[in-house]
Amino acid sequence: MATALLIGRYQPFHKGHLEVVKEILEECDVLVIGIGSAQYSHSKENPFTGGERLSMIAEALAEEKIPLHRYLIIPIPDINNNAAWVSHVKTYCPPFDIVYTRNPLSKRLFEEANIKVKEQPLFDRHKYSGTAIREKMIAGQEWEGLVPKGVARVVKKIDGVERLKSVIGND
Ligand code: NAD
């Protein structure tokens, strides 16, 4: 039984991430979705907490009717030591056989630890990008169509757009 790990910040989880999850689930039995930088929130780059991001992903995957036994969602805080990061990730996750990432640093660190890494295909990266979505939220532009409905619901419930606008405000 093959277990895959997909690691990302998901600030927020968008339709590109959802396509990646569905595609990886075609290739593995169980997918571990690691929420990186889990201790960060309330900043321009990381507006949402690890727990809020977990809710967003859970809502989005439930909406897609992906069976619960096919995935796990695990918040993983960053550490100030890249060389030790893979061991740190392993302590949070069940054993995994392969990692999917396009992040150059993550790719390098897993490869140096002799873990198989595969790059998932990109889904309209220009449109489906966390940075672009956060910029739209700040600018008051339409962003809801770029994320699964469950994600938009969680962002609204936590007043996420107002939070993002207020944390970037100048004093
Ligand atoms: P992200 O949320 O930006 O992306 C998650 C994954 O989805 C990435 O592989 C990305 O390439 C992919 N993706 C994004 N948009 C896509 C699209 N439209 N189509 C297809 N794929 C798409 O997260 P990230 O920045 O890659 O996350 C890496 C995490 O690992 C961060 O939290 C980082 O801090 C953590 N990390 C920590 C350490 C440490 O603590 N020392 C070291 C390395 C990495």
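Where does the ligand sit? The ligand sits in the largest pocket. On a 1 Å grid over the protein atoms alone, a pocket is an open set of points with protein on both sides within 12 Å along at least five of seven lines, using a 1.4 Å probe. A molecule sits in one if more than half of its atoms lie within 2 Å of the grid points.

Before going on, some housekeeping. This is a predicted model, so local features need pLDDT of at least 70 and side-chain atom pairs count only at pLDDT 80 or more, while totals for chains, interfaces and linings use all residues. Residues are numbered from 1 along each chain as its sequence is written, and side-chain values use heavy atoms, with hydrogens and water left out.

Okay, the neighbours. There are 26 residues around the ligand, and Ser37, Ile79, Asn82, Phe123 and Arg125 come nearest. Here "near" means that a heavy atom of the residue lies within 4 Å of the molecule. Which elements supply the shell? β1 (3-8), α1 (15-27) and α4 (104-112) each give at least two residues. Those labels are DSSP runs numbered from the N terminus: helices are H or I with at least four residues, strands are E with at least two.

What classes of residue make up the shell around the ligand? You'll find 11 nonpolar, 11 polar and 4 charged residues there.

Now for some specific atoms. An oxygen atom of the ligand is 2.9 Å from an N or O atom in the side chain of aspartate 78. Another entry is arginine 102, where a polar backbone atom is 3.0 Å from an oxygen atom of the ligand. Then there's histidine 14, with an N or O atom of its side chain 3.5 Å from a nitrogen atom of the ligand. Taken alone, the ligand exposes 850 Å², and the protein buries 90% of that. Those areas come from the Shrake-Rupley method with a 1.4 Å probe.

Tyrosine 10 has a positive phi of about 55 degrees although it is not a glycine. The peptide bond from glutamine 11 to proline 12 is cis, with omega near 0 degrees. For context, most residues other than glycine have a negative phi, and most peptide bonds are trans.

Is tyrosine 10 buried or exposed? Tyrosine 10 counts as buried because its relative accessible area is 3%. The cut-offs are under 20% for buried, over 50% for exposed and partly exposed in between, with a 1.4 Å probe and protein chains only.

Aspartate 159 is another non-glycine with a positive phi, this one about 60 degrees. Find aspartate 159 in the loop between α6 and α7 (160-167). Its relative accessible area is 46%, so aspartate 159 is partly exposed.

Moving along to asparagine 46, in the loop between β2 (30-35) and α2 (50-63). Asparagine 46 has 9% relative accessibility, so it counts as buried. Its side chain is joined to that of arginine 9 by a polar contact of 3.0 Å. By a polar contact I mean a pair of N or O atoms within 3.5 Å; within protein, one must be able to donate a hydrogen and the other to accept it, and residues adjacent in sequence count only if both atoms are side-chain atoms.

Isoleucine 33 is found in β2, and at 0% relative accessibility isoleucine 33 counts as buried. Valine 30 is in strand β2 as well, and its 12% relative accessible area makes valine 30 buried.

Which strand holds lysine 116? That's β5, residues 116-118. Lysine 116 is exposed, because its relative accessibility is 58%. Lysine 116 and tyrosine 100 are 16 residues apart along the chain, with 8.7 Å between their C-alpha atoms.

Last stop: glycine 145, in the loop between α5 (130-139) and α6 (149-157). With 33% relative accessibility, glycine 145 counts as partly exposed. From glycine 145 to leucine 5 is 27 Å, C-alpha to C-alpha, and 140 residues in sequence.

Conventions. 1 Å grid on protein atoms, 1.4 Å probe; cavity = no way out; pocket = protein on both sides within 12 Å on 5 of 7 lines; lining within 4 Å. Nonpolar A, V, L, I, M, F, W, Y, C, P; charged D, E, K, R; others polar.
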